[in-house]
Amino acid sequence: MSATTHPAPAAPPSAAALTGKRRIAFAVWADTDRLPALPALLRGLALTNQTVCEDFLVLHDGLPEGAAQRVAAYHPRAELRRVATESAARLASWAKASGGAVEPGAFGVLEAFRLRDYDTVIVLDAERVVCGPLGRLLTLRRGLAAAPYRPGGDTPGTQVLVVQREHLTDAFCARLDEVASQGAYPRERGAAGVLAQALALAGEEFVPLDPEGVFAAAEPELLEAELADSADFGAELAGFQARFMALSGAAHHDLLVHFGAPHAARTGDVGCARRVAASYIAAGEYQDAVDLLGSVRIPVDDAWPHEVYGQALMSVSRDEEARAHLRLATASPNWAPPAFARLAQIAWVRGDDDAARELALAGLDADPTHRPCRQMLVRAAAVDGPAEQAGATAPAAEPADPREQLAHVAFYMPQQGNAGDKVLPEAVRLAFDPDPGPRRWHSVHAHRLFDEAALARVNSRRGLVIGGGGLFLPDTMPNGNSAWQWNVPDDLLDRIEVPIAVYAVGFNLFDGQSYRHERFRTALRKLAEKAAFFGLRNHGSIAQVRRLLPPELHDKVRFQPCPTTVTRHIVRGWRDPEQREDTVLLNAAYDRAGLRFGHDYGHFLAELASAVRALGSYAEVRCVAHTVEDERIAYDLRREHGVALPVVPMYDFDNDEIRAAYARTKLVIGMRGHAGMLPFGCGTPIISLISHPKMAYFLADIERPEWGVSVHDRDLSTRLTARAAALLTHHEAAVADVHDRQSALWRTTQQNAALLHSLGF
C-alpha cells in the first residue's frame with residue numbers, strides 16, 4: 001500500500017505584504033575603482049545612524065574576489081547584486097551615446113531603478129561618506145528626491161536619491177533607456193540629466209532634498225587605507241568594532257550583534273557583552289544571550305551584567321542559575337528592584353506565591369515606585385480565573401466536583417492588564433459552557449510551570465482546554481520548556497491522560513519576528529500529536545502552523561474563530577443596544593513599536609490627526625486604551641498636532657463593562673487584535689489599523705479586507721476618513737453586515753462544538 005502524499009502547504013503572504021510595512025534599502029553602484037571607498041561609507045553610516053539598519057545593496061557588473069567579505073564586515077544586511085548581462089551592455093551603450101563625456105559608472109546609479117523588491121530605495125554615492133542622521137531620507141514618502149550636485153547649488157545630482165515605488169517600475173526604466181540611449185539630455189549632468197529628462201517627459205520634477213551636514217566627500221587617505229593587506233584589514237575592523245561599541249545611546253539590534261558580539265568574544269569586555277545580550281533578549285533570542293554572557297567572566301560586584309544574565313537564564317528555564325546571578329544583582333541599589341522583580345517572577349512561575357510576595361516587597365523596599373515589583377505583588381495575591389480576575393462574583397453552587405470540570409490553560413490577565421486579554425479566557429469558557437466560573441472550570445495559568453502537582457490536578461478533570469489569546473508567541477513570558485506561552489515540559493505533556501482541545505489560539509509573530517530555534521517546532525509537533533482538537537483562530541495562523549508541522553498533521557489543524565468574535569451568541573442574556581452613543585472609539589498599540597511602525601510613526605500620527613479632525617463632524621472621537629500604554633496616542637496627538645481626545649481607560653473595566661462599551665459605540669477604529677474582534681463580536685462596525693498580520697488575517701476570514709487600513713498607507717487619512725464616514729453614514733446597514741459576517745463564524749463555532757462534545761468536552 002502506497003503512503004498517502006500531502007501537497008506542501010502554500011507559502012502564506014509575507015508579513016510585510018499584509019501589514020503594508022515599507023521595505024527600504026540603501027543602494028550604491030560599485031566598480032573596481034569605487035570598491036575601496038565602500039567601507040568608509042559603511043562605517044560612517046553605522047557611526048552616525050546607530051538605530052538604522054536597512055538592507056544595503058551593492059550593485060555591480062563584476063568585482064574582485066573577497067569584495068563580499070569586506071563589505072559584509074561593515075554591514076549585517078549587505079548584499080552584492082550583480083547586474084544582468086544585458087544591463088552591463090546597456091551601461092556601455094549609454095556611455096557611448098554620451099560621446100564618452102560621462103564614464104559608465106556614473107550611469108550605474110540608474111540600475112537602482114530596476115529593483116522590484118523594495119518600496120523605497122535610497123541611492124548613495126560610494127565616494128561620499130555619511131556624517132549625519134538620515135532620518136529625513138527615511139521618512140520621505142513621495143516623489144523622486146535628489147540633493148544638489150554641489151553644496152549650495154540648485155541643480156540636482158545623483159550623489160543622493162530617494163526613489164519611491166512609483167518610479168521603481170518597468171515603465172519608468174523604459175523611459176530612462178530611451179533618454180540615455182538617444183543622448184537627449186544635458187551630458188555634463190550625466191545620470192542626473194537622464195533622470196531630469198525622464199521626469200520632464202512625465203510632467204514631473206525632482207523633489208528637492210537638502211543633505212547639508214549629512215554627507216561629505218571621502219578623504220583620499222581613507223580610501224587608500226582600504227587597499228591594505230588582510231592583516232591590516234582585520235586590525236582596522238577590530239578598531240571600528242570597538243569604536244562603535246564605545247558610542248552611547250540606543251543602537252539597532254542587528255548592528256549591536258554584528259559589531260558587538262565579535263568584539264566581546266575577542267576582548268572579553270563585560271559591558272559590551274551585557275549590552276549585546278540585552279539586545280538579544282529584546283529580540284527574543286534568549287539562548288544567544290545566555291551563550292554570550294556565559295562566555296565572559298563577570299566580576300562578582302558588577303551587578304548590571306548579573307541582572308541581564310539572570311533574565312536570559314530564566315528565559316530559557318535555567319532558574320537555579322538565574323537565581324544565583326539575580327541575587328548578586330540585588331546587592332546594588334540601582335539593580336536591586338528589577339532583580340527582585342525577576343526573582344519574584346521565578347517564584348511565582350514555580351507556584352510559590354508566598355516567596356513571590358516577599359521578593360516583590362523586597363524590591364519595593366528598594367524602590368517604592370518600581371512598577372514590575374508592584375505588578376508581581378498583585379499577581380502573587382491574585383486567584384487565577386476569569387470570574388475572579390474580572391471582579392465578578394461566582395454563582396452560588398455546590399463545591400466543584402473535579403470530574404465535572406474542564407481544566408483551562410490560558411493567560412489570565414490581572415486588573416489593569418490588557419483589556420482584550422482579560423475578556424478572552426471567559427469567552428473561551430462561554431463557548432463551551434454558559435457557566436464560566438470555578439464550579440465548571442479549573443484554571444491553569446499558561447505562564448506557570450506545569451509541574452507534577454499541576455499534572456495531577458489536570459488528570460483528575462474530564463478534559464483540558466488550551467486557549468485564550470495568541471499563545472504562539474515567543475516573548476511575552478519566555479520559557480525554555482516549550483518556547484511558547486504555555487510553560488509545559490515535554491514529559492509532562494506526554495503524561496496528560498485526559499483529552500486536550502487547543503481552542504482558538506493565534507500565531508502572533510510580528511512582522512520582523514521569527515522562531516529561530518528548533519525547540520518551538522518540536523514542542524508544537526508534540527502538542528499537535530497529543531491534541532484531540534487543534535483549532536486556530538484565523539486561516540493565516542493555520543497556514544503558518546501547518547508549515548511548521550509534518551504533512552501528516554496538516555489536516556488536524558482546523559479553523560476555530562476567536563470566541564470574542566461571536567460574543568452576541570455566547571453571552572447569556574445578550575441584548576443588542578436599542579440606541580448607540582454618537583461616538584467613535586480609537587485604539588492604538590505601542591508594544592513592539594519599532595516592529596509596528598518602522599520609520600513611519602511620524603507619518604502615521606500626522607495622518608491620524610487629520611482623520612480625527614475630519615471624523616469630528618460625524619461623531620465624538622475618543623481614545624480607548626486596552627493598556628495604560630495605549631493612552632500614548634492621546635498624548636502624542638495633543639502634543640504634536642493639537643488634537644485633544646478624551647480617554648476611556650478600558651484596562652480598568654471588568655468584562656461586562658468592556659463588552660458594554662464596545663456594544664454601545666457606533667464605530668471602533670483599532671490597532672490591537674481585540675480592538676477589532678471584540679467590538680465586532682458585540683455587533684459594532686470596525687476599521688482595523690493594520691500593524692500586525694493578525695489584523696489582516698481576521699479581515700480576510702470575514703471577507704472584508706476593506707475594513708482595514710495599513711498604518712504605513714501614504715493616504716491613510718483619506719482612506720480612513722472615507723471608510724469611517726461610510727460606515728457612520730450608513731450605520732444600520734453596517735451593523736447588519738457585521739451580523740451577517742458574524743453568522744458564518746458562529747456556524748463554524750457550532751460545528752466545532754458538536755465535534756468537541758463527541759470528544760468528551
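Because the model is predicted, local features are reported at pLDDT of at least 70 and side-chain atom pairs at pLDDT 80 or more, whereas totals for chains, interfaces and linings use all residues. Residues are numbered from 1 along each chain as its sequence is written, and side-chain values use heavy atoms, with hydrogens and water left out.

The secondary structure of the protein chain comprises 33 helices and 22 strands; helices (H or I, at least four residues) and strands (E, at least two) are DSSP runs numbered from the N terminus. For 761 residues, a compact globule would have a radius of gyration near 27 Å, and the value of 29 Å for the protein chain agrees with this. The radius is taken over C-alpha atoms, and the globule rule is 2.2 Å times the number of residues to the power 0.38. Along the principal axes, the C-alpha atoms fill a box of roughly 95 × 70 × 65 Å. Buried residues account for 57% of the 761 residues, where buried means under 20% relative accessible area, exposed over 50% and partly exposed in between (1.4 Å probe, protein chains only). Of the contacts with a separation of 6 or more, 72% join residues 24 or more positions apart, a contact being heavy atoms within 4.5 Å.

Val-109 is found in the loop between helix H5 (104-107) and strand S4 (120-124). With a relative accessible area of 9%, Val-109 is buried. Leaving aside neighbours within four places in sequence, Val-109 is in contact with Trp-29, Val-123, Thr-158 and Ala-191.

Parallel pairing is found around strand S17 (residues 583-586). Strand S17 pairs with strand S18 (residues 620-625) over four bridges, and the bridge partner of Leu-586 in S18 is Cys-623. Three bridges join S17 to strand S20 (residues 667-670), again in the parallel sense, with Leu-585 opposite Val-668. In a regular strand the side chains alternate between the two faces of the sheet. In S17, Thr-583 and Leu-585 point one way and Val-584 and Leu-586 the other way, and all are buried.

The largest nonpolar core contains 114 residues, of which Phe-472, Trp-486 and Phe-534 touch the most other members. Such a core is a set of buried Ala, Val, Leu, Ile, Met, Phe, Trp, Tyr and Cys residues joined through side-chain atoms within 4.5 Å. Helix H27 (residues 601-615) gives the most to this core, with eight residues. Apart from it lies another core, of 87 residues, among them Phe-56, Ala-126, Ala-145 and Trp-348.

The structure holds 22 aromatic pairs. Rings of Phe, Tyr and Trp (its six-membered ring) pair if their centres lie within 6.5 Å, and planes under 30 degrees apart count as stacked, over 60 as edge-to-face and the rest as tilted. The rings of Phe-507 and Phe-520 have centres 6.4 Å apart and planes at 50°, so this pair is tilted. Phe-507 lies in strand S14 (residues 500-507) and Phe-520 in helix H23 (residues 518-530), 13 residues apart; both are buried. Tyr-601 and Phe-604 form another tilted pair, at 6.1 Å centre to centre and 35° between the planes. Because they are three residues apart in helix H27, Tyr-601 and Phe-604 are separated by about one helical turn. One aromatic cluster is formed by Phe-450, Phe-472, Trp-484, Trp-486, Phe-507, Phe-520 and Phe-534.

Charged side chains also sit over rings, as in the case of Arg-379, whose charged end is 4.7 Å from the centre of the Trp-348 ring. The criterion is NZ of Lys or CZ of Arg within 6 Å of the ring centre and within 35 degrees of the ring normal. The charged end of Arg-43 likewise sits over the ring of Tyr-74, 5.4 Å from its centre.

Notes: Two strands pair if DSSP finds at least two bridges between them.
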